[in-house]
Amino acid sequence: MVASVSLAWKNLTHDRRKLALALAGVAFAVLLMFQQRGFNHALFDSTVELVRRLDADLLVFNRARFALTSELRFPKEILERLASEPGVGSVRPLYLENKLATAHRAGLPARPIRVVGLDLTTLPFQDAAGEVNAGLAALQRPDTALLDRLSKDYYGFDLRVARRGEVQSAELSGRQVQIAGLFSLGCDFAHEGNLVMSSENFAKYFRYRAADPLSVVDLGLVKLEAGADRELVLNGLRERLPQSVELMTREEFEQREINFWARSTPIGIIFAIGAGIGFAVGVIICYQILATDIADHYRELATLMAMGYGKPFFFKLVLQQAWWLAILGYLPGLALSWLLFQLNASWTGLLMQLTWERALTILVLTLVMCSLSALLAIRKLLAADPASLF
Amino acid sequence: MSDLAAQPETLERLLRFWFPPAEQLSISAQAVNHYYGEGDARKQVLFDNRLDVGAGEIVIMTGPSGSGKTTLLTLLGTLRRVQEGSLKVLGTELNGLEQHQIIALRKRIGFIFQAHNLFESLTATQNVRMATELLGIPPVDAEPRIEAILRRLGLGQRLHYKPKSLSGGQKQRVAIARGIVHQPQLILADEPTAALDAESGREVVTIFKELAKRDGCTIIIVTHDNRILDVADRIVNMVDGKIKSNVLVQKTALLCQILQQYPLFRELSPAVLANVADKMNLQRYSPGSEIVRQGEPGTDFFVIAQGEVEVLASGKLVNRLETGSYFGEVSLLTEQPRNATVQAVGEVACFSLNKEDFQEVVATSGSFEEQLRQALFERQ
């Protein structure tokens with residue numbers, strides 16, 4: 001029935017002021033959902049961003065290390081032994097220090113910062129812009145590090161100085177450090193800033209790790225030989241590894257990390273509830289809009305009923321109105337969310353990524369939200385009594 | 001009797017109103033009761049209503065508010081469920097009707113409500129189109145029809161105006177267009193002319209008449225508007241939930257037209273003729289049935305409206321009578337039993353006047369008695 005299409009649209013757009021209010025309501029709900037889902041994703045994206053940037057097929061780590069933040073390490077020999085196994089191309093260690101690493105500039109209190117120690121000869125970490133690779137020469141110098149420009153500003157680092165390519169000095173765990181350049185990685189809920197440095201420098205700052213600070217590894221990065229079957233190598237290595245360490249593909253490790261935050265901490269639930277509230281608010285707003293519209297057109301709709309329009313027509317009519325509301329409200333909601341994501345990212349240093357997939361998810365959620373409202377509102381319409389018109 | 005042929009249409013119309021054939025009954029209500037409320041609060045609002053309306057009739061329903069006419073209208077329009085009794089509308093029994101049948105029936109009915117109930121978001125044309133689209137009338141047919149009806153109702157300059165830009169009367173006319181554009185077989189209208197000026201009210205009435213005459217559309221109008229009473233074929237007056245009177249308005253006028261053609265009534269003054277016509281009944285007889293029987297006391301005087309009869313005295317055929325002839329006056333004038341039997345040859349329709357009314361007319365009109373006695377004399 002063509003009539004229902006144009007009628008839904010025309011009724012909705014007839015009063016521009018009412019339409020604007022309605023769309024603002026839906027857009028608000030869309031914004032709420034985007035923010036909650038956005039923070040949720042940001043948390044996960046940010047925590048695994050380091051792992052995603054690692055040049056590795058398989059990761060070796062202490063079996064007891066339930067998340068990156070738990071600083072349980074394993075002996076480097078275990079990793080080195082893997083290098084001669086069939087299918088393995090190369091192995092490299094990654095050193096991380098978080099809780100005991102503190103940084104600050106003169107006159108400011110020391111704050112925890114994550115320090116990543118890299119083997120510069122094979123550079124297993126690639127940031128998005130390749131700035132670490134570009135800064136290799138600087139990193140070779142003693143007591144030198146690169147600063148994550150997304151780090152919180154309370155460390156006191158001067159980004160403008162760094163951007164000009166000038167070196168600034170700061171204090172890292174009680175020792176002078178020269179900040180020779182910038183790169184991008186991002187904060188997460190456990191890390192408020194990042195530094196990268198060569199493993200040689202790393203050893204000098206964090207002597208307390210072990211008698212030889214580089215003999216304990218946080219993550220072992222395994223690269224396979226070209227053409228090697230990943231599953232096959234993975235299963236072979238697992239059999240030969242001691243019980244104390246675990247081996248996973250990088251993707252599995254990312255998922256494990258995300259699952260930890262989503263399930264073992266209340267954070268995932270908090271954001272799910274937040275998004276749920278956004279959804280519920282949206283259902284209520286959209287229901288109010290539709291129910292008011294039905295009440296406003298009660299006599300006209302009852303007249304259509306008297307004329308012989310049946311239930312399917314009215315279902316279509318209200319659902320179409322709901323879908324128009326969803327789509328028209330989604331667009332400004334999306335635009336606002338994108339803006340707010342940018343602001344959030346610069347305020348918090350979190351990775352606020354608005355991917356197509358996530359935008360589409362929210363669109364589907366919005367459509368479901370408005371459809372639910374339509375089904376609630378339609379009961380009001382079907383209860384209309386054309387006999388009251390005479 | 002060739003001049004009688006001049007009135008066959010009038011007679012047809014009269015017969016149709018008087019004896020609407022069952023298949024042409026648009027509305028047939030039998031013992032319709034209706035109640036509002038439940039339990040102790042249950043209150044009867046319609047009492048044993050009976051009404052037959054033929055196709056193409058225009059019925060005006062009147063009565064004070066609360067008399068039940070609106071309730072009856074909603075029952076006719078399938079907007080309420082029939083609780084008790086039988087109500088047939090357009091050949092469909094409404095009592096116990098399924099929802100999908102109700103929807104199907106509603107599409108054959110045109111509703112005109114007191115309020116215009118137009119969508120503010122749609123133009124006049126679009127509002128009317130809601131009715132044609134529902135019936136799936138292709139735009140090729142629907143669009144010219146919509147435009148023609150709106151033009152006819154004086155809205156030619158307002159086809160694409162939204163209700164906000166129309167006056168109250170114009171809005172009501174759009175609503176009327178929406179109610180009739182799909183050529184319904186039954187129109188239910190509640191005060192359709194209340195918001196209209198005399199001229200547009202008259203135009204609406206003219207359109208109603210056309211729909212009734214040309215398409216055989218039955219129109220029920222609830223109104224207090226005296227200006228349109230003349231359009232009615234039947235006026236139904238309701239009081240306290242009951243049909244108090246159900247009058248075929250044009251019966252007397254039509255009957256006078258017919259009677260005037262008959263020699264017996266030709267000399268009567270219009271006042272007397274109207275008096276006779278007013279009191280006459282129309283009855284029908286199947287072939288072979290006895291209209292009067294020899295030896296029985298006379299009760300009625302008959303004028304043949306249609307058909308042929310045989311007069312039998314003691315079983316012997318003594319005469320044949322045709323349209324316009326009369327019989328049965330002798331025993332009424334002489335106060336003696338019937339002196340012959342009259343039998344219908346084919347289908348026969350007779351106007352009849354009962355004894356009291358006959359004698360009253362005879363007493364008040366010297367010329368009528370003279371005519372009768374003259375004829376009686378000539379016959380002997």
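Between domain 1 of chain A and domain 2 of chain A, the count of salt bridges is zero, a salt bridge being a side-chain nitrogen of Lys or Arg within 4 Å of a carboxyl oxygen of Asp or Glu. The structure is a predicted model, in which local features need pLDDT of at least 70, side-chain atom pairs count only at pLDDT 80 or more, and totals for chains, interfaces and linings use all residues. Residues are numbered from 1 along each chain as its sequence is written, chains are lettered from A and ligands numbered from 1 in the order in which they are written, and side-chain values use heavy atoms, with hydrogens and water left out.

Domain 1 of chain A covers 2-48 + 266-389, and domain 2 covers 54-249; these bounds come from an automatic or database domain assignment. The C-alpha centres of the two domains lie 45 Å apart. Where they touch, nine residues of domain 1 are in contact with eight residues of domain 2, contact meaning heavy atoms within 4.5 Å. About 680 Å² is buried between these domains, and carbon and sulfur atoms give 66% of that area. Buried area here is the accessible area (1.4 Å probe) that two parts lose on being put together, summed over both. One residue pair across this domain interface is in polar contact, with both residues at pLDDT 80 or more. A polar contact is a pair of N or O atoms within 3.5 Å; within protein, one must be able to donate a hydrogen and the other to accept it, and residues adjacent in sequence count only if both atoms are side-chain atoms. Helix α2 (residues 16-52) of chain A brings four residues to the domain 1 side, the largest share. Helices (H or I, at least four residues) and strands (E, at least two) are DSSP runs, numbered from the N terminus.

What does chain A share with chain B? Here 24 residues of chain A are in contact with 27 residues of chain B, and the two chains bury about 2400 Å² between them, 69% of it on carbon and sulfur atoms. H14(A), M307(A) and F390(A) supply 32% of the area that chain A buries against chain B, more than any other three residues. The chain interface holds zero salt bridges, while six residue pairs are in polar contact, both residues at pLDDT 80 or more. On the chain A side, α1 (2-14) and α11 (298-307) are the elements that give two or more residues, and α11(A) gives the most, with eight.

In one of them, the side chains of K18(A) and D296(A) meet at 2.9 Å, N to O. This pair joins distant parts of the chain, helix α2 and helix α10 (residues 267-296), 278 residues apart. K18(A) is partly exposed at 36% relative accessible area, as is D296(A) at 42%; buried means under 20%, exposed over 50%, and partly exposed in between (1.4 Å probe, protein chains only). E49(A) and R53(A) form a salt bridge with their closest N and O atoms 2.9 Å apart; E49(A) is buried at 7%, whereas R53(A) is partly exposed at 28%. Finally, D45(A), R52(A), R230(A), R250(A), E251(A), E254(A) and R358(A) are linked in a network of salt bridges.
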